Each structure stands twice: as structure tokens, then as C-alpha cells.
Amino acid sequence: MQMIFQDPYVSLNPRMTLFDIVGEPLLVNGMTNRKERVERVAELLRLVGLRPEYMQRYPHAFSGGQRQRIGIARALSVNPRLVVADEPVSALDVSVQAQILNLMLDLQKRLNLTYLFVAHNLSVVRHICDRVAVMYVGKLVEMADTLELYAAPKHPYTAALMSAVPVADPRIKTGSVELKGEVPSPANPPSGCYFHPRCEFAIDACRIDAPAFREISPNHFVACHRADELKLPGIA
Amino acid sequence: MNNSTPILSVRDLKVHFPLDEGTVKAVDGVTFDVYAGQVFGIVGESGCGKSVTMKAVLRIVEPPGKIVAGEIILRRSVAGANGSQMDDLINLTALDASGRVMRSIRGAEIALIPQEPMASFSPVHTIGDQIIEAIMLHQAVNQREARKIALQMLKDVGIPIPDQRLDEYSWQLSGGLRQRAIIAMALSCNPRVLIADEPTTAVDVTTQAQVLRLLRRLQQDRNAAIIFITHDLGVIAQMADYVMVMYLGLVMEQGPVDEIFHAPKHPYTQALLRSIPTITMTPRENLPTITGSIPHPFNKPRGCPFHPRCEKSIAGKCDQAVPPLRRIGANQMVSCFLYE
Ligand SMILES: Nc1ncnc2c1ncn2[C@@H]1O[C@H](COP(=O)(O)OP(=O)(O)OP(=O)(O)O)[C@@H](O)[C@H]1O
Ligand code: SF4
Ligand SMILES: [Mg+2]
């Protein structure tokens, strides 16, 4: 397992060259021969669309998008099967985001990778992910195949999230469901269902019992006492 | 004052930073009008000059940055002879940045929600003291009255138990509450122009929705103008009435939000909109990208700043001269040789 981080500006050590950054995991994993490492780093840089000649440069000489490519090259250096990408495009400019998303999809196909993709941009999640898990205060509240989750969310928090996300089309007005209050601290979570103080559908049971995370339809899991009866709006 | 004359007019504004390595032309000829009751959105990628443009309007550009050309006209109504109201035009670029007039405008008539939220409040004074001080600086009220106004402001922006919060420090507040307190502070003197520079980048999605709803409501209640800066096209689509798209210190296009999203004219606007995943597209398809990357500010291309990345660039023309910003519809303007 390897990680790709959110902020390409702070996740790379400014005093290390590209060769050191991308080659370090190789060294740690026993590739002590420098020539071999140079070859592998060159191959990785090419894979993510950077020139191998850049190997001796430092991160400050690269743009945000290029730094994110360096981070991806580092993550892929030891042939992981699972890559955790924590908000990999949220710090990037719009025109660079598309390049990185394309690169990630392309690498996934070529290397048969599994991504655990953490993000808050619902359009990006929909574009990349096959399955989505929604978390609230440290707990899973819903999990389903992406298009099903977007079309028919079963948890009130998922529905509120869908409504809160600003869609880049002025003709689609979002924000119809207002979520009042604040996310509680995980150190001092509410009783019962963690979402109940903010949930417009909360009943007495929600204040007392934590709902089980159960399969409501094939492969669609939800933790809500009222999931069977509620009809919640999604985004098509 | 009615809503059909601009409250703020910026004309051919240029702000340059002379540095040892060369001159950064951060803003290089920007023109726009903002009207009362309007949410004026500014979008553009990192470094295109959004914040510097607004710092120039407030006359708080950091040295060595300087306004080297252009005008910033603020229209305000003043009491004329026999109690009538008349319009008064002041050119902010002609004022002393730290002089009395500019200080009376900054914070009172034009207020800022800065991009760095930590810059808003000092950590050693309570938020109440700071809001009260701002109110007393611009309004003829005593300490007690100022505290009452501050309390009402915290209430208006939806802060629970406001009288307790007034005596707390900014670092004691959660991100969402702090952002509300910043908005309360910016609004405390009833500005006619509120500049919100990336007001929601530091908060989560549901808080973002709350903050956007709050700004919308305040703008409607007070008929203020909001200049809303973001690089998030989703936020712009939901918030703005009118949108200005910037690239490398210049205006590429400006127009009503529906035109910008559904009939964009400039190749850069078109490319930008194509490159974002949407909620209705087929997942996992390759997104169209813009070739190349944003040039370094020291190496700005000659001619149209977008020409090295533009698919429709006309050789011998786009690489020679900067296309002027021209009107192409009732309210839409574009800077591109394709529309000559
Ligand atoms: N104090 C300064 N000294 C030198 N250059 C500066 C200074 N402030 C801004 N610049 C330069 O001016 C240009 C415009 O910066 P500005 O902060 O306006 O960008 P922005 O559009 O607000 O970007 P972002 O989306 O990242 O906030 C950039 O190239 C920046 O590096
Ligand atoms: S002026 Fe030329 S290079 Fe610039 S956007 Fe228009 S067509 Fe493209
Ligand atoms: Mg900025």
C-alpha cells in the first residue's frame, strides 16, 4: 500500500532531488544498486508524464500539477496494489486537475491498481470511483455503487451532502437541503446515531440506539433507523 | 442610488511588482464594473491576479507592488445642498493609501474577507474587542452601543450564544464559527461593497453551503455588492450573478453567469469548463485537458496570454498583440481576436 497526499507543496521534501524522492522507497525496499534505481526512477517519471532528465532537480522547480505527478511516481515505485489517494486533486488548479485525474485512471488500467480515493468533490468522486463509502464523525454511514448512491441515497447525511455540493451549472440550483449546526467532535460524539442532532428525520430511537450498518438492498449498506421508509433526493 | 449605475468601476488597472529577478505584472490591464445588489464572481487559476486586483481596490498592495496605471472609481452618495443626495465619484488610485479618506473607505464602505482567515483576527484580543474597535473607528458610537451592534452582527451571521462568543478568542472557535465571525466583522460597518476572497476554501462542504447561503441572504437584505473570488467553478455557478474570468493578470471574458456557463465565448473559458468532471457525464472517460501549463509570471508570453495553449490561436496575430476587451453582447465582453 502507498499514499498520494493532498498538498503537493508540503508533501515533498524541498531538500531532496526527484531522484531521492522517488528512489527512496526503492532503497528502503532493498534496491541498493544505484544504477538500477536510476533506471527505475526514469521509468516511473516517464510513466507519470515527467521527463527523466528532471531527476536531479528539486521540487521547487515544479508546478503544483508536476509535484502531484512526482508524488504519484513515488507512490508507484514499489509496485503497490493498493494506493490511498487523500484528496489528490483538491489543491490543484482546474486545468491541472483534469490531467491528474486522467493520469490516475490511465495508470489504474495499465497497472491494475486499486485506489482508495478520499475526496469531498462529488463530481470528482463520481468520475473516478466504482464504489463510494460516506463517513460521518469517524463512522461509515452508507456504502454503495457510485451511480446507485448518487441516484438514490438512503442516509439523510448522504442526501444533505449531495445537496450541499455546488454543481458547476447555474441552471441546477443546489443547496435545497439545509444542514444546520456543526460536525460534532469525534472525542465527544452525540448519543445514538451520531447524525441525529442535525437530522431532520430523527425520531426517539435515533437519540438512543446507534443504527446498525446493514445491507438494505444487494451491495447497498446504510446505517439509519429510517432507511426503509425515507425517500431522499439524489442527483441524477 | 439606484442599481443601474456601477458602484465600483475599475478601468485598465495595472499592478506590478518590481523584483530583483524581474517585474511581475500581476494585474496588467483589468476593467470591470460592479453594481449594488450584485454578486460579482471572479474566477481564474492560481496566480492570475484575483487577490492583487482586490488588494489594489482596498489600496493594501504589499510593497514593492504598485498600481502603475488605471483608475478605481468608487461612487458614493453624499448629502448635497438642501438635504438632497448626490453622487460623488472618487478615484481611489489618486488617494494616499494610508490617508484619512482611504481609511474611512476601507472597512466601512469596502470591506474584505481575506483569503488567509488567520489574518483577520489577532490572537491576543477577543473577537468582540476587535469588532467593537472596528465599529468605533467608523461610526460615532460609544463602547456600549458598539458592543450592542457587534452582538447583533454575531446573531445575524448565525453564531449560537453570541454574548459568550464575543469574549472568546478566534482560536477558540471552530473553522465554521471563525468564518462566520470574520463575516460578522467585515459586515459590522455596513459596507456597500464586500470583497470575499476564497471565503470557503478552509471549511467543509456543509459549512461551505451555510456560509454561501449566509452571504446571499446578507447581500439581498442590504442590497450590498459582493465581489466573490474563487477558483471553484461550482461555487461560482451557484453564487454569482455576473462572472469575470481572469488569466495571467488579464480579463479573458466577463458576462452573466448563465452566458459564461452555457455560452462561453473565450477559448480559455470554454477549455476550463470542458476540463471539469460534471455530475451528468459518463464516468471514467478521459477529460479534455488544456495543453501546457500556466507560464511563470516572469515569462509571460507576448500577445494574447493564452495563445501558447489555445487551439484556435491565429499565427501572426495572437502571438503579436494583446486582444482588446470588447463588448459582444448586451452584458458580455471578451478579449479574443476570434471576435473582431
Ligand atoms: N507580495 C508579492 N510580491 C511579489 N509577487 C506577488 C506578491 N503578491 C502577489 N504576487 C504575484 O502576483 C501574481 C498574482 O497573485 P494573486 O495573489 O493575485 O493571485 P490569485 O489569483 O489570487 O491566486 P490564488 O488563486 O492562488 O489566490 C502572482 O504571480 C503572484 O506570485
Ligand atoms: S486571441 Fe487568439 S490565442 Fe487568444 S484566445 Fe483568442 S484565438 Fe486564442
Ligand atoms: Mg488569491
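How much area do chain A and chain B bury between them? About 3600 Å², with 54% of it on carbon and sulfur atoms; buried area here is the accessible area (1.4 Å probe) that two parts lose on being put together, summed over both. Before going on: this is a predicted model, where local features need pLDDT of at least 70, side-chain atom pairs count only at pLDDT 80 or more, and totals for chains, interfaces and linings use all residues. Residues are numbered from 1 along each chain as its sequence is written, chains are lettered from A and ligands numbered from 1 in the order in which they are written, and side-chain values use heavy atoms, with hydrogens and water left out.

Select A:Val94, A:Arg126 and A:His127: in chain A they lose the most area to chain B, together 17% of what that side buries.

Next, pick A:Asp130 and B:Arg284. They form a salt bridge, their closest N and O atoms 3.5 Å apart; the rule (a side-chain nitrogen of Lys or Arg within 4 Å of a carboxyl oxygen of Asp or Glu) finds two across this interface.

Now hop over to ligand 1. Show B:Ser46, B:Gly47, B:Lys50, B:Ser51 and B:Val52, the closest of the 13 residues that surround it (a heavy atom within 4 Å). Zoom in on B:Val52, where a polar backbone atom is 2.9 Å from an oxygen atom of ligand 1.

Note on methods. Polar contact = N/O pair within 3.5 Å; in protein donor to acceptor, adjacent residues only side chain to side chain.
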